[in-house]
Number of protein chains: 4
Amino acid sequence: MNLRVRFAETDGMGIAHHAAYVVWLEAARVAWLRERGLDYRDLNAAGVHLAVSGVEVRYRHAARFDDEVRVACVLTAIRSRRAAFTYALTRVEDGVTLADGATTHVPTDDDGHAVRLPADWLSALQGLIEPAERVGSAG
Amino acid sequence: MNLRVRFAETDGMGIAHHAAYVVWLEAARVAWLRERGLDYRDLNAAGVHLAVSGVEVRYRHAARFDDEVRVACVLTAIRSRRAAFTYALTRVEDGVTLADGATTHVPTDDDGHAVRLPADWLSALQGLIEPAERVGSAG
Amino acid sequence: MNLRVRFAETDGMGIAHHAAYVVWLEAARVAWLRERGLDYRDLNAAGVHLAVSGVEVRYRHAARFDDEVRVACVLTAIRSRRAAFTYALTRVEDGVTLADGATTHVPTDDDGHAVRLPADWLSALQGLIEPAERVGSAG
Amino acid sequence: MNLRVRFAETDGMGIAHHAAYVVWLEAARVAWLRERGLDYRDLNAAGVHLAVSGVEVRYRHAARFDDEVRVACVLTAIRSRRAAFTYALTRVEDGVTLADGATTHVPTDDDGHAVRLPADWLSALQGLIEPAERVGSAG
């Protein structure tokens with residue numbers, strides 16, 4: 001997905017604050033699912049969440065206010081009790097790499113207890129995996 | 001430092017959102033410096049920032065609204081062009097480990113270019129290092 | 001309550017972002033209740049929330065990174081189906097007024113439907129009202 | 001502009017947190033300018049900011065995770081030393097009104113001192129004013 005750096009996301013250094021990237025990874029993950037016909041709200045409605053068990057971001061180049069940022073998302077691992085994504089963030093204007101990221105996830109129920117991913121979601125996600133090179137490792 | 005989980009920091013899963021932890025690491029880092037007589041604003045006023053080059057968080061147990069969270073901070077590496085911290089987040093009420101974290105930093109000037117840490121800051125921080133066991137690794 | 005402006009709360013103008021104040025009002029409201037023996041989590045556990053129906057902030061003077069900010073909170077109206085607070089934000093260092101604010105609230109259930117405030121909370125809050133001068137009006 | 005409610009923007013009530021709307025107003029304002037050929041970064045580069053002097057939001061209906069929200073923006077007043085906008089937030093799916101908002105602004109320099117808006121910006125904005133009915137009043 002592409003997004004614009006919001007002014008609220010900048011900080012006193014005049015650049016996008018590093019915590020904003022973590023929010024962008026999540027937004028990209030949800031968009032990535034939606035683009036593949038998987039509505040994360042449906043999973044939630046079934047009482048399952050992909051709780052984040054680890055996150056890692058390596059910052060390469062500062063993003064600035066109003067920069068258009070592309071967040072590419074890759075599903076690198078999927079099992080009934082674990083999922084992992086990696087991310088590459090680039091500035092759309094010139095393709096400069098802004099950051100790499102990785103997240104790991106544990107399916108949980110509404111009370112936060114670990115559960116198995118529903119069979120239909122597991123099956124759908126297994127078809128979307130890209131074991132390719134990982135851009136980082138978290139959790 | 002200790003902090004209370006704000007309602008604004010909770011999410012639709014009813015727990016503290018994972019990006020909030022990244023903000024807490026930063027607040028703890030600034031407080032850690034202040035408690036040791038180092039005012040981060042002084043460094044900024046001298047035109048130097050500890051830009052974040054990497055962040056990693058591993059989530060162990062969910063923090064909830066209004067939980068009092070202790071964020072312990074350890075300086076694990078300091079050189080003129082690099083700093084690294086690790087963090088342990090615990091729930092004050094019962095000591096449960098909530099998360100571990102790690103950040104790496106590069107001193108930069110106001111324009112984001114890498115610079116050397118001022119000698120007085122480097123010297124002061126070298127006296128505060130705890131090479132101890134690292135709770136994670138980032139960047 | 002008093003709080004420190006977090007670096008994550010600053011923006012590209014080098015000051016605390018205006019949306020951060022709205023988060024501070026909420027944190028002050030929760031602390032104000034707690035200091036008076038009212039745990040907002042207890043109300044939530046009873047299935048009732050004080051949903052925000054209106055917010056207003058007037059910014060007088062910019063808060064900066066690491067400033068200690070005092071948020072004074074006044075309950076100006078309380079009925080079974082409505083509550084209103086006003087706020088005065090000052091910089092602790094020199095007492096400068098940073099902002100004034102006001103929020104209005106509607107008690108709701110977990111599904112967001114308007115409900116009556118539980119009798120014990122209504123009674124307790126009625127004893128805490130300060131009809132004083134209002135610093136603003138919202139919603 | 002249209003935006004999607006991010007999961008990070010939801011709170012423990014399962015709805016978009018009320019402070020997120022303030023961030024959305026800002027994003028909509030910047031997009032509104034851009035769509036009219038005015039790049040807010042150009043104004044900043046000229047050393048001028050539209051500092052927020054007041055904000056008001058009235059919440060009508062809760063926005064939920066992944067809702068697509070339309071934020072309509074109206075410039076209601078513009079002078080060399082003051083600007084005012086109003087906003088109407090609707091859910092794209094069914095047109096339900098989510099909230100109304102209003103902001104007032106004071107042009108400032110990089111140090112936060114009030115200045116006059118550059119003549120070209122003032123002129124361009126005067127051509128974009130819609131004195132229409134105001135949806136609220138702030139500051």
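A salt bridge here is a side-chain nitrogen of Lys or Arg within 4 Å of a carboxyl oxygen of Asp or Glu. Arg34(B) and Asp66(C) form such a bridge, with the closest N and O atoms 2.6 Å apart. This is a predicted model, in which local features need pLDDT of at least 70 and side-chain atom pairs count only at pLDDT 80 or more, while totals for chains, interfaces and linings use all residues. Residues are numbered from 1 along each chain as its sequence is written, chains are lettered from A and ligands numbered from 1 in the order in which they are written, and side-chain values use heavy atoms, with hydrogens and water left out.

**Interface of chains B and C**

- Contact means heavy atoms within 4.5 Å. By that rule, 19 residues of chain B are in contact with 19 residues of chain C.
- The two chains bury about 1700 Å² between them, with 51% of it on carbon and sulfur atoms. Buried area is the accessible area (1.4 Å probe) that two parts lose on being put together, summed over both.
- Three residues, Arg6(B), Arg41(B) and Phe65(B), supply 36% of the area that chain B buries against chain C.
- Seven salt bridges cross the interface of chain B and chain C.
- Six residue pairs are in polar contact between chain B and chain C, both residues being at pLDDT 80 or more. A polar contact is a pair of N or O atoms within 3.5 Å; within protein, one must be able to donate a hydrogen and the other to accept it, and residues adjacent in sequence count only if both atoms are side-chain atoms.
- On the side of chain B that touches chain C, two or more residues each come from strand E1 (2–4), helix H1 (18–35) and helix H2 (40–45). Helices (H or I, at least four residues) and strands (E, at least two) are DSSP runs, numbered from the N terminus.
- H1(B) gives the largest share of that side, six residues.
- By class, the side of chain B that touches chain C has nine nonpolar, one polar and nine charged residues. Ala, Val, Leu, Ile, Met, Phe, Trp, Tyr, Cys and Pro count as nonpolar, Asp, Glu, Lys and Arg as charged, and the others, Gly among them, as polar.

**Salt bridges between chains**

- The Arg34(B)–Asp66(C) bridge has N and O atoms 2.6 Å apart at the closest. The pair runs from helix H1 of chain B to the loop between strand E2 (49–59) and strand E3 (68–79) of chain C.
- Arg34(B) is partly exposed, with a relative accessible area of 31%. Asp66(C) counts as buried, at 4% relative accessibility. Buried means under 20% relative accessible area, exposed over 50%, partly exposed in between (1.4 Å probe, protein chains only).
- Asp66(B) also bridges to Arg34(C), at 2.6 Å between the closest N and O atoms.

**Salt bridges within chains, and totals**

- Over all chains, the structure holds 38 salt bridges.
- Asp100(A) and Arg60(A) form one of them, with the closest N and O atoms 2.8 Å apart. Asp100(A) lies in strand E5 (residues 97–108) and Arg60(A) in the loop between strands E2 and E3 of chain A, so the pair ties together parts that are 40 residues apart in sequence.
- Asp100(A) is buried at 13% relative accessibility, whereas Arg60(A) is partly exposed at 48%.
- Glu56(B) and Arg58(B) meet through their side chains in a salt bridge of 2.8 Å, N to O. Glu56(B) is buried at 2% relative accessibility, and Arg58(B) is partly exposed at 29%.
- One network of salt bridges with shared partners joins Arg34(A), Asp39(A), Arg41(A), Arg4(D), Asp66(D) and Asp67(D).

**Symmetry**

- Chain B superposes on chain C by a rotation of 180° with 0.0 Å of shift along its axis (RMSD 0.0 Å). That is the relation of a two-fold axis. Copies are superposed by least squares on the C-alpha atoms of residues with pLDDT of at least 70 in both.
- In chain B, Leu3(B) has the C-alpha nearest this axis, 4.9 Å from it.
- The same surface serves both copies, as 100% of the contact residues of chain B recur in chain C.
- A rotation of 180° with 0.0 Å of shift along its axis also superposes chain B on chain A (RMSD 0.0 Å). Here the C-alpha of Glu56(B) is the nearest in chain B to the axis, at 2.1 Å.

**His17(C)**

- His17(C) sits in the loop between strand E1 (2–4) and helix H1 (18–35) of chain C. His17(C) is buried, at 4% relative accessibility.
- The side chains of His17(C) and Glu26(D) are joined by a polar contact of 2.9 Å.
- Not counting residues up to four places away in sequence, His17(C) touches Phe7(A), Ala8(A), Glu9(C), Thr10(C), Asp11(C) and Glu26(D).
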